[in-house]
Amino acid sequence: MTTLTEGKHTGEFIGQLAMGPGYHIDEVTLISGQNLAAGVVVGKITASGKYTTYANGASDGSEVAAGILYAATDASGGDVTTARVLRRGPAIVNGNDLGWGANDGTGITAGKADLLALGIKVA
């Protein structure tokens, strides 16, 4: 029997938004070299203003969680200027549906605190 694996869907991680998606979600530039699923936590690179996978141990700005990728985005061939990111609350998201990259427990805890500061509660 064939085993089917279902990927993450656009916005699947969202539990509640206080207002419509248009208030919470913005288009940003995702830096090239990444192919990310919906629900991946992202950070903002200070020098360029572009977004990348959140990396708690970095020192380029991406060590601060700046939002959650709303939809899968393939930037493996170059920057994507239309990536959509949940960047502000009030919102509640399902922590089981988030992608934390290579972050360990300490990084995930710090990332949750960063998101909470944006009004995004990880439940």
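Trainee: Let's start with the strands. Which way do strand 4 and strand 6 pair, and over how many bridges?

Mentor: Strand 4, residues 41-44, pairs with strand 6 in the antiparallel sense, over three bridges. Keep in mind that this is a predicted model.

Trainee: And what stands opposite Val 42 in strand 6?

Mentor: That's Gly 67. Now turn to strand 5: there Val 42 stands opposite Thr 53. Strand 4 and strand 5 also run antiparallel, joined by three bridges.

Trainee: How many residues lie between strand 4 and strand 5 in their hairpin?

Mentor: Six residues, and the turn holds Gly 49, with a positive phi of about 80°. As a general idea, most residues other than glycine have a negative phi, and most peptide bonds are trans.

Trainee: Speaking of peptide bonds, which residues does a cis peptide bond join here?

Mentor: Look at Gly 89 and Pro 90, where omega is about 5°. Pro 90 is in the loop between strand 8 (80-86) and strand 9 (91-93).

Trainee: Now the inside. How should I read a nonpolar core?

Mentor: In soluble globular proteins, nonpolar side chains tend to be buried together. In this model the largest nonpolar core has 15 residues, and those with the most contacts inside it include Phe 13, Val 41, Ile 68 and Leu 115. Strand 6 (65-69) and strand 10 (120-122) each supply at least two residues of this core. A second, separate core has 12 residues, among them Val 28, Tyr 51, Leu 69 and Ala 83.

Trainee: What does Val 41 touch, leaving out residues up to four places away in sequence?

Mentor: Its contacts include Ile 68, Leu 98 and Leu 115, along with Thr 53, Tyr 54 and Trp 100.

Trainee: Last topic: charges. What's the general idea?

Mentor: Side chains of opposite charge can pair when their charged atoms come close. The count in this model comes to three salt bridges. In one of them, the side chains of Arg 87 and Asp 26 meet at 2.8 Å, N to O. This pair links distant parts of the chain, 61 residues apart: Arg 87 is in the loop between strand 8 and strand 9, and Asp 26 is in strand 2 (residues 25-30).

Trainee: Which other residue forms a salt bridge with Asp 26?

Mentor: Arg 88, with the closest N and O atoms 2.6 Å apart. Arg 88 lies in the loop between strand 8 and strand 9 while Asp 26 lies in strand 2, so the pair ties together parts that are 62 residues apart in sequence.

Trainee: And where are the two partners of the salt bridge between Lys 50 and Asp 79?

Mentor: Their side chains meet at 2.4 Å, N to O. Lys 50 is in the loop between strand 4 and strand 5, and Asp 79 is in the loop between strand 7 (73-74) and strand 8, 29 residues apart. Lys 50 is partly exposed, at 25% relative accessibility, and Asp 79 is partly exposed too, at 35%.

Trainee: Which residues do salt bridges that share partners join into one network?

Mentor: Asp 26, Arg 87 and Arg 88.

Notes: Residues numbered from 1 in each chain as written. Predicted model: local features only at pLDDT ≥ 70, side-chain atom pairs only at ≥ 80, totals over all residues. Heavy atoms only, no water. Core = buried A, V, L, I, M, F, W, Y, C linked by side-chain atoms within 4.5 Å. Buried < 20%, exposed > 50% of the residue type's maximum accessible area, 1.4 Å probe, protein only. Helix = DSSP H or I, 4+ residues; strand = E, 2+ residues; numbered from the N terminus. Contact = heavy atoms within 4.5 Å. Pairing = 2+ DSSP bridges. Salt bridge = Lys/Arg side-chain N within 4 Å of Asp/Glu carboxyl O.
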